[in-house]
Amino acid sequence: MKLIPGLVKGLAVTGATVVRTVFPKRGLRTLIPAPSKGADTVQYPHVKEAPPTRARGVIALHEGNCTACMLCARECPDWCIYIEGHKEKAPPRRPGGKPRLVNKLDRFDIDYALCMFCGICVEVCPFEALFWSPEYEFSEPRIADLLHDKSRLSEWMETVPDFEDYETGSVAKKLKVPPT
Amino acid sequence: MTATESEQLRYIAAQAADARVNLEIETEGMTLNIGPQHPATHGTLRIVVKLDGEQVIEAEPVMGYMHRGYEKLAEVRTYPQVTTLVNRIDWLGSFANEVPFILAAERLMEVEAPPRAQWIRTILFELSRIANVTLFLGDMAVQVGAITPVFFAFRDREHVLNQIESATGGRFHPNFDRIGGLKDDLPAGWVAETRQAMVKIRSFCDQISELVEGNEIFQARTRGVGVVPADVGLSYGLSGPNIRASGVDWDVRRDSPCGLVYDQVDWKVWTHPGCDSFARFWVRLQETREATKIVDQLLDDIPSGPTMAKVPRIIKVPAGEAYVETENPLGVMGYYVVSKGDLVPFRVKIRSASFSNISIVPWLLRGVYVPDIITILGSLYFILGDIDR
Amino acid sequence: MTAVLEIAPFAILADLAYWQVTSIRAIAGLAAVLLVAGTLVYVHLFKLVSFMQSRLGPMEAGPYGSLQLLAETGKFLQKEDIIPRRADRFVFCTAPFVVLVSTFLLVVVLPAGPDAWFISNDLGIYLAMAVSSVSVIGILMAGWGSASKYSLIGGLRATGQLIAYELPLLLAVVGVVIQAETMNLQSIVLTQAEGEIFGWSGIGNPFILTQFLGFAIFMIALQAELTQTPFDMPVAESELVTGYMTEYSGLRFLLFFIGEFATAGVFSAIAAVLFLGGWYIPGLDAGSELFNVIGPLVLVGKVVLLSLLIFWFRFTFPRFREDQLQKLAWKYLIPLSLANIFVTAVLKVLW
C-alpha cells in the first residue's frame, strides 16, 4: 500500500500546473495572476515564435545567381520546379573582348502545393541561387495560388538569415549568403 | 512468469465461461466498424469487430487506407531522394526512418560515416525516439480517458522537436542523413540547449509517472489487459518495447549495433515480465528516461572532425544486396535494399515495426470488452504510416 | 437564481396577474439554469482546464475570451441539423429536450434565499432525485433513436450506469435527511444555518462536517450521474466517438451540451444545499432579508467551488471500464452509504 494514493498525486500534478500557469514566478508580484506569461503557448497572430535559423520555411531565389541550369528541377523528387530560360548576348567582360553568351532566366516557379520541403534543390544548386528562409506565413486561399513565380521567390531573399556558426569541434566551413 | 501465466489462464477460463453463458442465452451478435475514421485509431486503421454485447468474438484489422506505395516509389527515386520519402513512414520519429536505409546504402557502397557523423546520428536517433514515445505516453492516457497528459506530452515534445529543427531544419521530416555522413554539422549552442531539453523531458517523465502510471484507475484499466506471452509475441513478430514488455530481453541497439555508437554508452535495456498493457506503457516510460541518459552521455564527448565521408557527387550504388535493421521507436525497422548499380535502387523492402505489431491484434482482441480494444490498440502503439507505408 | 414568491419581501409580485408571475418565473428559471451553466463552461471548461494543461484557452472573443460561449452558441445554431435517414425521427428529435427538461425541473426545488424559491415542497429532495432520473430516458432515447451502433452502446451504458449510481446518490442524501429531520431543501438550509457544533454556533453546522462520508459518496455518485470522467463510458470519446451524442449536430447537440453543464451546475447546487449550507454564509442572521439578494450569489459561489472539484477530477483521471464502474457502485458505494445511514440513525437516536 502506497503512502499517498496515485489519484491524489495526479490531482496534485494538475493542480500544480494550474497554479504555475496562473501565478508564474515574478518576484514580489508572485500573487498577481498572469496566465499569459505562465502558459506554455503563445497567442499566435499577436505573438510569433521565431523559428530557428535553419528552419526550412520557404525557398528563396537569388535571381542574379541562377543560370537556369535545371539541376534543381531535375533533382526535385516531385518535380515542382518549373524553369524556362534563353541564351542572351551580354557585353564583353573586358572592353574590346568578344560578347559573351549568358543564360537568362525567364521563368522560375515553385509549386508549393507540391513541394515537400526536402531541401534537395537548395543542396544541389551549384551557383548559390537557392536558399532556405524561415519565413512560414505564405498560405493562400486557393491551392493554385501556391505556385509562386520568381519575383515572389526573390522577395523572400530578404528574409534569409545569415548562416549560423558551427558547434565546437566542427571542421565545416561557414557559408555566406550573397547580398541581393 | 508463472504468476502471470496462471493469471492468464484464469483470465482465459473466465472469458470462456462468459462465452458459454452467452451461448446459452443466445444473444444476437453485432458487427461494429471501428474506423477508418475513429478517434482511437490515430489515422485510418479500420478494425471490424464482431460483438456479442460488449464482448469481442472476432476482430480483424483492415489496412491499406493510407498506402502510399513507398517501396514502389523508391524504385524510381535516386538514393538521396529516397531519404525524403522514408521520412514519412513513421512520422513521429522520422529521423529514425532514414538511418537504416542510409546504413544499408553505405554498406553497399562500402563507405563509413566519420565518427562525428555517427555520434550526431545516434543523438538524433534517440531524440526522435523521445519525440515519438513522449507522444505515446500522453496518447495512451487519452485512450483510457484522461485528457490532460496528452497536452503535457505535446508541450514537452516541443522541446525535442525544436532541437531537431534547429539542427536539421525540419521539425517532422528532417531529411538530414546522407550516404556517407550528414547534410550539415550542428549549429553553435546546440549541445547546451539539448541538455536543457533533456532535463525537461525527464521532469515530464516524472509528471507522467505521477499522473498516469501511478494512477489506480489507469492500473485497473491496463493491468492484465491484452496479455501477450513471450512465445506468442515472438511468433507474431512483435518487436521493440512490445516484446520487451513480455520479458524478452532483445534490443537491436545493444545486440547488433551497426553504424550507431550505442556501444560507447552506458545504458540498460528495460524489460518487464508483466506481458500486459501496463507493462508496455512502463517499458516505454523507462525507455524515454534511458534515451535522455543516452543523449546526455553522447553529448559529453562528440568527437571533432568532418561530418561527411568522401562520396561522389552523383551517387551510384554498386550492385548487391544489403539488409540493415535498427531499433526504431516503434520496434525493429529494417530496409532490404537491392541495387543493380544504378542511380536508383532496384528494389527496397521495408520491414516496418507497426505492421508486425498489429498482426497480433486478431489474436489479442478475441474475447475482450469494447473498452479494452482501445486500451490494447493504444498500448501496442502503431503509427498508421508505419503500417501502410 | 432570482426568486419569485408568494411571501412578503417581494410584495409587488403579489399584485401581478397570474401570467405575469408565470413569465417572471419562467425567465428566472431559464436564467438560473443557463447563467450557471454558462459560468461553469467559461470558468471551468474553458479556463480552469486550459490552465491545467498550461495553455490559455479562448482569448479572442471578448476580454479573456469571455464571450466565447456566445460565439460557440452562434456556431452551433448555424450548423445543419442532421437527422440520420434510418433514425427514429420523433425519438431522435425529442431526446435532447427530455434531457434538458429534467434539468429545468430540478431547479424548481432549489432555494436561493430565505424567500427566494420557486416552490416550497416538503418532499423537495425526494422530488429532485426522482426528477433527475428522467434524463436517463432522454439518453436512452438518444441512443436508441440514432440508429447508430456507437450511440446504442453508449445509451445502454449510460442507462446501466445512471441506474447503478442513482442508489448511492439517494442513500447518501438519506443521511442528511435523517440529520435535518426534513426533506424540504429550504428547511435543510435553515437547519444548517441555525445548527451549532457542541454549543458553538459561529458557522452554523454545515452537514459536510458530520456527513463527510455521505458527501464523498454523493460527489462520486454525482460524477457518475453527470457522466464525467472517470465515469464517462457513455460518451467515452476514444471508444464510442461520443456515445449517445454521436449522431447529433447543430442545435440538438447544443442542447445536450447545455444539459450536461446545466445538470452539473444544478447538482452542485443541490450538493451545496445539502452539505455546505446552501445560500447561507456564516456571520449573518439567517432570517435577514439581505440573503434574498446575496443568497443566490453565495449559492453560485458554492456551486463554482463544488463543480471545480468535479472538473478537476474530470480532467485528471482516466476512465473506468464498465464492469469496474458497476463493481465500485454495488460493492463499495452502496454498502458504505448504508453503513453511513445506519451510523447516522443510531447517533441521531442517541443524541
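The model is predicted, so local features need pLDDT of at least 70 and side-chain atom pairs count only at pLDDT 80 or more, while totals for chains, interfaces and linings use all residues. Residues are numbered from 1 along each chain as its sequence is written, and chains are lettered from A and ligands numbered from 1 in the order in which they are written.

I start with the sheet. In chain B, 3 strands form an open antiparallel sheet, ordered β6-β7-β8. Helices (H or I, at least four residues) and strands (E, at least two) are DSSP runs, numbered from the N terminus, and two strands pair if DSSP finds at least two bridges between them. β6 (320-328) and β8 (347-351) of chain B are the edges; each has a single partner strand, so one side of each has no neighbour in the sheet. On average, neighbouring strands here are turned by 10 degrees against each other, direction ignored. Angles run from 0 to 180 degrees between N-to-C directions, and axes are lines fitted to C-alpha atoms, for helices over the stretch in contact.

β6(B) pairs with β7 (residues 331-339) of chain B over 9 bridges, in the antiparallel sense. One of the bridge partners is G331(B) in β7(B), facing N328(B). Helix α4 (residues 94-109) of chain B lies across β6 and β7 of chain B, at about 150 degrees to β6(B).

Next, the contact of chains B and C. Chain B contributes 25 residues and chain C 24 residues, where contact means C-beta atoms, placed from the backbone, within 7 Å. On the chain B side, α8(B) gives the most, with 4 residues. That side divides into 17 nonpolar, 5 polar and 3 charged residues.

Now the helix pairs. Helix α7 (residues 190-213) and helix α12 (residues 277-300), both of chain B, have axes that come within 10 Å and cross at roughly 165 degrees. That makes α7(B) roughly antiparallel to α12(B); angles under 35 degrees count as roughly parallel, over 145 as roughly antiparallel, 65 to 115 as roughly perpendicular and the rest as oblique. Residues in this contact include M198(B) and I201(B) of α7(B), and W282(B) and L285(B) of α12(B).

What is the angle between helix α1 (residues 6-22) of chain A and α7(B)? They pack at about 130 degrees, with axes 7 Å apart, and are therefore oblique to each other. K9(A), G10(A) and V13(A) of α1(A) meet Q207(B), E210(B) and L211(B) of α7(B).

Methods: Two residues are in contact if their C-beta atoms, placed from the backbone, lie within 7 Å. Ala, Val, Leu, Ile, Met, Phe, Trp, Tyr, Cys and Pro count as nonpolar, Asp, Glu, Lys and Arg as charged, and the others, Gly among them, as polar.
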